[in-house]
Amino acid sequence: MLTLESSIQYVKGVGEKRAGLFNKLGIFDVDALIHFYPRKYEDWTLSKTVKDAQSGEVISLRATMVTPVTEHMVRRGMTLYKCRFSDGESIINVTIFNNKYLAKALRLYEDYILYGKLEKALTYASMSSPKIEKAEAATGFHPVYSTTGKLTSSAISKIIKTALDNLPPLEDTLSSKIRQKYNLISLDKAVRQIHFPADNQEIESARRRLIFEELLTLQLGLFKLKGSKRKETSAAIHRDFTQEFVKLLPFTMTQAQLKAMNECVSDLKNRHPMNRLLQGDVGSGKTAVAAGLIYTVVKNGFQAALMAPTEILALQHYDSLNALLSPAGIRIELLTGSLKAKDKRTIKEKLINGETDLLIGTHAIIQNDVEFKNPALVITDEQHRFGVKQRAALACKGEGLHTLVMSATPIPRTLGLILYGDLDISTIDELPPGRQVIRTDVVDSRYRKRIYKFMKDAVSRGEQCYIICPMIDENDEDSLGLKSAEQYAEELSQGEFKGYNLGLLHGKMKPKEKENVMKAFLNGDVQILVSTTVVEVGVDVPNATVMVIENAERFGLSQLHQLRGRIGRGSKKSYCILISDSKSETAESRLMTMKNFSDGFKIADEDLKARGPGDFFGERQHGLPQLKIADMLQDFDTMRTAQQCAQEILMRDGSLSRPENKLLSQRIAKMFESLEY
């Protein structure tokens, strides 16, 4: 018998080599295997005849094999096997590609179910590489799984069947009370039905149960990590210094900025801690709002902290806030991982002695030995780049601290409520006057020579350019025909841009290497930066005026908008050029959205409609665990119900230590174990 902890390697039919393929899918043990859910199903129950079917329709067809298989070698490594079937009225020509095993298994005059796309001509019908099973063995619904390499969907299905046949009934994570209250089937039944359903109803009841459990686990984990919002704060702010701060500014704040500032200050004066998300488009002035709150907090006798995802972004915040706030007597320090041990020690001493009012840094500031004397406010910038645990660790630097998380990724309100259920949301939906609109063009690769000339002209004027690539090496799956950033940079430096200073930036570089490249670009030593999306959240380079994005159809709209926001930071006219050879109408429509709109919230809504929340954020960007079956947008109502259920459970058993919650607690630990500090 197997257990949930058994290694995938020991499931019959797997072995060491196949285990490696399962590992690529994130499956290392039996528990992960049975929770690897089908992405869709093929319905083999609705059998049609050729006469009843439309040409191009994917159908299930019961037919008898009426001619033997003939073998045709097209070229080395490509063999076609051809034979004919009859459904009693029509003949179907079947072609099988490179599947000798299937071709040899077929028997003349036996009945089979063929599943695939039917093409009809005047006198005959045909199917290319349909799935074929003996009529008596063909089941109603076939699960379809995400695959990798030579690990096919049917092979995964067989292995899951073997595992479930050799597992004892699954112990339930939810108490019978909860199952009864929310009308949910047992976990054992749900897992077996999700993989091998008899009908649509079984799929539906299994999905309902598994989605509810996943969202409940997520909500419980988030509640436990974030702690209760209702605890009292020891850092209530009594005086509002906003008007005094506004006079320090060399510009006039927008109405949207002032509204956000008032909402935040109102929270700061409350006896409960502020827990607010400040979201605004690129260049909308979130940092000015943060500076105003820091000013008010410090003038009330407290300290503040600001955490940024990279050293260079932290340094940029330090420079801008120091220039703005230090003339008003606010003492600011910068703490990053690259500082010498002696300097770090000095900064930490000044902080705990109360000689520092504002500490800016990277995750270096959430280390255990960083202590404040009188903290009140913690701010995280580009919060979707930090995991929930990192934000929680910063908030734990004092009792009931006020928390502000800032994001330049505009999040539609419904999704914000789901992701940040315990946060109030302030939105800056107005750009400062004079903020230039970046000209955006969509072209195909035939324009590349003209684009290179345009870039050279910009560089000759002393300006700088970005070239963005969607991937970094040729070994990535589905990367055929696409150049990697490394390969592309090499080609350009030896060819079109020989003699120019080219820089390369990608996610597999060490943090220090990335920082050095960005510093060189910021200082103007690099004229053209070839990069992957790691620049999406980056520093302001006012001198960068041109951004060329290769294979633009491979990015989400919100991601393209973030990338575009890296240029147009100075006074010079800026240009974003999206290159795509995709013939897809959907891709074309999405790219035209980029050309036609500059409002990040409008783009975010379009993106969410087109892609759903998983892709909307890109891989793991939102700092939450990946969901295996729930969809954060489609299952919004279930999320709300799960939130309510989570609150009820925690009211009765805050530590989840009662016997009925033991397994649920284990599921939470498993779900959140992948979130790194």
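Which residue forms a salt bridge with R439, and how far apart are the closest N and O atoms? I will come back to that in a moment, after a word on what we are looking at.

This is a predicted model, in which local features need pLDDT of at least 70 and side-chain atom pairs count only at pLDDT 80 or more, while totals for chains, interfaces and linings use all residues. Residues are numbered from 1 along each chain as its sequence is written, and side-chain values use heavy atoms, with hydrogens and water left out.

Let me begin with the chain as a whole. Its secondary structure comes to 22 helices and 22 strands, where helices (H or I, at least four residues) and strands (E, at least two) are DSSP runs numbered from the N terminus. Of the 677 residues, 50% count as buried, and here buried means under 20% relative accessible area, exposed means over 50%, and partly exposed lies in between, with a 1.4 Å probe and protein chains only. The accessible surface of the chain comes to about 32,400 Å², and 48% of that belongs to carbon and sulfur atoms; these areas come from the Shrake-Rupley method with a 1.4 Å probe, and for residues only the protein chains shown count as cover. If we take contacts between residues at least 6 apart in sequence, 73% of them join residues at least 24 apart, a contact being heavy atoms within 4.5 Å.

Now to the opening question. The partner of R439 is D441, and the closest N and O atoms of this salt bridge are 2.9 Å apart; the term stands for a side-chain nitrogen of Lys or Arg within 4 Å of a carboxyl oxygen of Asp or Glu. R439 is partly exposed, with a relative accessible area of 46%, whereas D441 counts as buried at 17%.

Strand β22, residues 575-579, pairs with β17 in the parallel sense over 5 bridges, and two strands are said to pair if DSSP finds at least two bridges between them. The sheet itself is open and has 6 strands in the order β17-β22-β21-β18-β20-β19, with parallel pairing. Because β17 (439-443) and β19 (502-505) stand at the edges with a single partner strand each, one side of each is left without a neighbour in the sheet. On average, neighbouring strands here are turned by 15 degrees against each other, direction ignored; axes are lines fitted to C-alpha atoms, for helices over the stretch in contact, and angles run from 0 to 180 degrees between N-to-C directions.

Two helices lie across strands of this sheet. Helix α15, residues 448-460, lies across β17, β18, β20, β21 and β22, and runs at about 160 degrees to β21. Helix α17, residues 511-522, lies across β18, β19, β20 and β21, and runs at about 145 degrees to β19.

Let me turn to another set of strands. Strand β13, residues 358-361, is joined by 4 bridges to strand β11, residues 303-307, and the two run parallel, with L358 as the bridge partner of A304. Strand β12, residues 332-335, also pairs with β13 in the parallel sense over 4 bridges, and E333 stands opposite L359. From β12 the chain crosses through helix α12, residues 341-352, to β13, in a right-handed β-α-β crossover, which is to say that, with the strands pointing away from the viewer, the path from the first strand over the helix to the second runs clockwise. In a regular strand the side chains alternate between the two faces of the sheet. In β13, L358 and I360 point one way and L359 and G361 the other way, and all are buried.

Finally, which residue meets K670 in a salt bridge? The partner is D31, at 3.8 Å from N to O. K670 lies in helix α22 (residues 662-672) and D31 in helix α2 (residues 30-34), so the pair ties together parts that are 639 residues apart in sequence. K670 is partly exposed at 35% relative accessible area, while D31 is buried at 5%.

K131 and E42 form another salt bridge, with their closest N and O atoms 2.6 Å apart. Since K131 lies in strand β8 (residues 131-134) and E42 in strand β1 (residues 40-43), this pair ties together parts that are 89 residues apart in sequence.
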